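Please look over the sequence and the model shown here.

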Amino acid sequence: MPVNLTRNAISMINSGDVNSRPLVQVVDIKLIGNSQERYRFLLSDSESTQHAMLATQLNEQVRSGRVKKGSIIQLIDYICSTVQNRRIIVVLNMETIIPEYEIIGNPKVSEPETNKSMPNNNLEPSVRSTNNRHSAQAPANNTQSFRPTIQPAYQPPPNYKIQGPIMKNEAPARIIPIAALNPYQGRWAIKARVTAKGDLRRYNNARGDGKVFSFDLLDSDGGEIRVTCFNAVVDRFYNVIEVGKVYLISKGSLKPAKKNFNHLKNEWEIFLESNSTVELCPDEDGSIPKQQFSFRPISEIESAENDSIIDVIGIVITVNPSVPILRKNGMETQRRILNLKDASGKSVEVTLWGDFCNKEGQKLQEMVDSGVFPVLAVKAGKVNDFNGKSIGTISSTQLFIDPDGPEAQGLRNWFESGGRNTASISISKEIMPGGSKNEIRKTLAQIKDEGLGRSDKPDWVTAKATVVFIKTDNFCYTACPLMIGDRQCNKKVTQSSNKRWLCDRCNQEFEECDYRYLLQVQIQDHTGLTWVTAFQESGEDILGCSAKEMYLLKYELQDDARFGEIIRSRLFHQYLFRLKIKEELYGDEQRVKITIVKVDNVNCTAESRYLLDMVTKKIPIKKQF
C-alpha cells in the first residue's frame with residue numbers, strides 16, 4: 001500500500017517548524033560514537049533528505065528492530081540545530097507507523113538557504129536505485145493516501161515568511177524535559193527544582209587556582225541532571241541557587257557526566273558559562289516534586305555492588321556517639337554510626353562522616369535517647385562491602401529525618417504495630433555481643449595471625465590491653481599552630497636562626513609553636529604484645545597531661561624525676577584501645593603500622609556483660625578475656 005509522506009517536511013523543519021508532527025521515512029541508520037551509543041538517521045519526505053540524531057532514550061527502538069532502514073515514522077518532538085555548520089534534526093520523541101517499507105520517491109539532500117545545494121549524487125547508490133525501482137512499480141492511478149492523525153501542515157508566522165534566515169536568538173528557547181537534553185541541540189531551556197547544592201570547593205592544578213560548585217535538578221517528568229559552575233560563573237550563581245526553589249535555566253553546554261563523581265541517572269552534565277541564564281520562577285510549580293527517591297529494601301542492599309550509590313529508608317534503632325578519626329592526610333574528622341531496620345527483616349549500619357555527625361547525627365541521638373525512634377531517609381548513600389554491607393555518607397548525600405511520603409508512613413505503621421519488637425538480622429559487619437556497635441573486638445595475637453592491615457583499606461578494631469612500656473625519646477614534636485580553614489595545620493616546624501619557628505607548609509614564621517604527642521607505646525594482653533603509636537588526644541588520655549607540659553619538664557625545667565614519675569605512674573593501666581591497622585612503606589620495607597585512634601577506660605560492668613554474652617551465645621572464649 002503506497003504511503004504519502006508529509007510534503008516539504010524537511011524544508012519546514014529547517015525553517016523552524018517544531019509542531020507539525022510530520023510523517024517521514026528512515027532511509028539510512030548508522031551507529032556512531034565510541035564511548036556512548038548514538039544513532040544517526042537519514043530522514044526523507046520523498047523529495048528531500050536530512051541527517052538526524054536520535055535521542056539516547058530512544059536507542060532501544062533501534063536495538064529492538066522497531067525502527068530500521070525503510071521505517072515510516074511520525075516525529076512527535078524534535079528540533080533542528082546547527083552542529084559544526086551543518087543542520088541536524090534532533091529527534092526527541094517519535095512513533096513508528098510502518099516498521100518496514102520500500103524507499104519512497106527520489107529524495108535529494110536538503111541544505112539550508114545559507115549553504116549551497118548539494119548534487120543528488122551524494123545520496124547513497126543503494127538508496128537511489130531503490131527509489132527508482134519503487135517509482136517504476138507504483139502506478140499513478142493506484143495511489144492510496146495513508147495519513148495518520150497529525151496536526152495541519154506548518155505555516156510560518158507572517159513576519160518570518162520569505163525573509164531569509166531567522167535571526168539567531170530572536171525567539172525564546174523552548175522548554176524541554178531534562179531527559180531530552182543532548183549536545184546536538186542549539187537552544188534549549190529547562191524548568192526544574194534544585195534538590196541538592198554542593199559546597200563551594202577550591203582547587204589547584206597545573207592551570208592554576210580555581211573554584212567550583214554544583215547542584216542537582218529535578219523536573220516534572222522525573223528527569224535529573226547535575227549542573228556545574230567554575231570560577232567567574234561561581235560568583236554569578238552560587239548565592240542565587242537555593243535548594244527547593246524552581247528555576248528556568250538555559251544557554252549551558254552539555255558534556256558527558258563523570259560517573260565517579262556524579263551518581264544521577266543521566267549521561268550528561270550541564271556546565272554553565274558566562275552567557276548562561278538562571279531565572280528564579282516566583283510561582284511554586286506543584287508539578288515538580290520536592291525530591292525523588294529510589295528506595296531499596298535493606299534486604300536488597302546485601303546484593304548491591306560495592307561503591308554503588310543507593311537510596312534507603314528505615315527506622316533508626318541505635319545511634320552511637322561521634323568519635324574522632326584520623327585521615328591519611330593527617331587531618332581529623334568525625335564519625336558516627338547508627339543502625340536502620342525495615343520490614344524486610346534486615347538491619348544495616350549507616351556511617352555518618354564529618355558535618356553529618358554534629359547536625360543530623362546529634363539530633364538522631366537525642367531522639368533515640370529520649371525513646372523516640374525516627375524514620376530516616378538516606379538519599380545517595382554509598383555501599384561499602386568491608387566485613388558485610390554498610391552505607392556511608394558522601395559529599396552529595398542528603399539525610400531526611402521523619403520525611404513525608406507513603407514509604408515513611410508505611411514504616412511508621414509497621415513499627416508501631418509490632419515492628420519495634422521484631423528481630424532483625426544485620427547485613428553489616430559482625431559485631432561482638434555486648435560491644436559497642438562500632439567495634440570489632442580482637443586480641444593482639446589475632447591482629448597478627450589474621451594479617452590485619454595488609455589489604456588496600458585499613459582495618460579498624462578494638463583491643464583490651466595493658467600499657468607496659470612508653471618510649472621517652474622523641475615523645476612529641478614541635479607543630480605549626482596556624483589554622484587552615486577550620487583546621488590546625490599541625491605540620492612539624494623548625495626553629496630558625498632568629499629563634500622564630502618556621503612552617504614550610506604555611507611558609508610563615510611565628511614566636512611560639514605547639515607541642516603534639518608522637519608516643520611509641522608497647523601494649524600487652526594475654527595473647528602477646530605489640531607496639532602502637534599514639535598521637536595528640538590519645539597521648540593525653542594515656543599520660544594524663546599535655547605534650548607541652550611534658551616537654552617543659554624534660555627539656556626546659558630538666559626535672560627528670562618528675563618526668564619519670566609521670567611515665568611510671570601510667571604503666572600497667574588497662575584500656576580499651578580503638579586501633580587503626582594499615583601496612584605502610586618504610587624505605588624499601590613494608591611494615592604494619594598500628595595507630596591508637598581512641599583510648600577508653602575499661603568499664604567493668606560492660607566488660608562483664610560482654611564476657612557473659614560470649615558464653616551464652618556459645619562463642620569460643622579461648623584467648624578472649
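## Two loop residues with positive phi

Lys499 sits in the loop that joins strand 25 (494-495) to strand 26 (501-503), where helices (H or I, at least four residues) and strands (E, at least two) are DSSP runs numbered from the N terminus. Its phi is near 70 degrees, a positive value in a residue other than glycine. Lys499 is exposed because its relative accessible area is 61%; buried means under 20% relative accessible area, exposed over 50%, and partly exposed in between, with a 1.4 Å probe and protein chains only.

Asn507 is placed in the loop between strand 26 and strand 27 (508-510), and this residue, although not a glycine, has a positive phi of about 55 degrees. At 65% relative accessibility, Asn507 counts as exposed. As background, most residues other than glycine have a negative phi.

## Basis of the model and overall make-up

This is a predicted model, in which local features need pLDDT of at least 70 and side-chain atom pairs count only at pLDDT 80 or more, while totals for chains, interfaces and linings use all residues. Residues are numbered from 1 along each chain as its sequence is written, and side-chain values use heavy atoms, with hydrogens and water left out.

The protein has twelve helices and 32 strands, and of its 625 residues 44% count as buried. Among contacts between residues at least 6 apart in sequence, 62% join residues at least 24 apart, a contact being heavy atoms within 4.5 Å.

## Nonpolar cores

A nonpolar core is a set of buried Ala, Val, Leu, Ile, Met, Phe, Trp, Tyr and Cys residues joined through side-chain atoms within 4.5 Å. The largest such core has 43 residues, and those with the most contacts inside it are Ile470, Ile542, Met550, Phe577 and Leu579. Strand 21 (residues 459-470) gives this core its largest share, five residues. Apart from it lies another core, of 29 residues, which includes Ala55, Phe215, Val233 and Val278.

Which residues does Ile542 touch, not counting residues up to four places away in sequence? The partners of Ile542 are Ile470, Val521, Ala534, Arg570, Tyr575, Phe577, Ile596 and Val599.

## Cysteines and the cavity

With a disulfide taken as a pair of cysteine sulfur atoms within 2.5 Å, the count for this model comes to zero disulfides. Cys80 counts as buried because its relative accessibility is 13%, and Cys545 is likewise buried, with a relative accessible area of 13%.

On a 1 Å grid over the protein atoms alone, a cavity is a set of points where a 1.4 Å probe fits but cannot get out, and its lining residues have an atom within 4 Å of a point. Grid points are joined across faces, edges and corners, and a volume is the space filled by probe spheres set on the points. The count comes to one cavity of 30 Å³ or more, and about 40 Å³ of space lies in the largest cavity. Its lining is made up of Thr195, Ala196, Asp216, Glu224, His263, Leu264, Gln291, Lys379, Ser396 and Gln398. By class, this lining has two nonpolar, five polar and three charged residues, where Ala, Val, Leu, Ile, Met, Phe, Trp, Tyr, Cys and Pro count as nonpolar, Asp, Glu, Lys and Arg as charged, and the others, Gly among them, as polar.

## Other single positions

Ser214 lies in strand 9 (residues 208-218) and counts as buried, at 18% relative accessibility. Leaving aside neighbours within four places in sequence, Ser214 is in contact with Lys197, Gly198, Arg226, Val227 and Thr228. Gly345 belongs to the loop between strand 15 (332-341) and strand 16 (346-353) and is partly exposed, with a relative accessible area of 24%. Not counting residues up to four places away in sequence, Gly345 touches Ala423, Ser424 and Ile425, and its C-alpha is 7.4 Å from that of Ser299, 46 residues apart in sequence.

Two helix residues complete the account. Glu366, in helix 6 (residues 355-369), counts as partly exposed at 48% relative accessibility, and Glu366 and Val319 are 47 residues apart in sequence and 9.0 Å apart in space, C-alpha to C-alpha. Lys548, in helix 10 (residues 547-556), counts as partly exposed at 40% relative accessibility, and Lys548 and Thr478 are 70 residues apart in sequence but 9.2 Å apart in space, C-alpha to C-alpha.

Notes. On a 1 Å grid over the protein atoms alone, a cavity is a set of points where a 1.4 Å probe fits but cannot get out, and a pocket is an open set with protein on both sides within 12 Å along at least five of seven lines; lining residues have an atom within 4 Å of a point.
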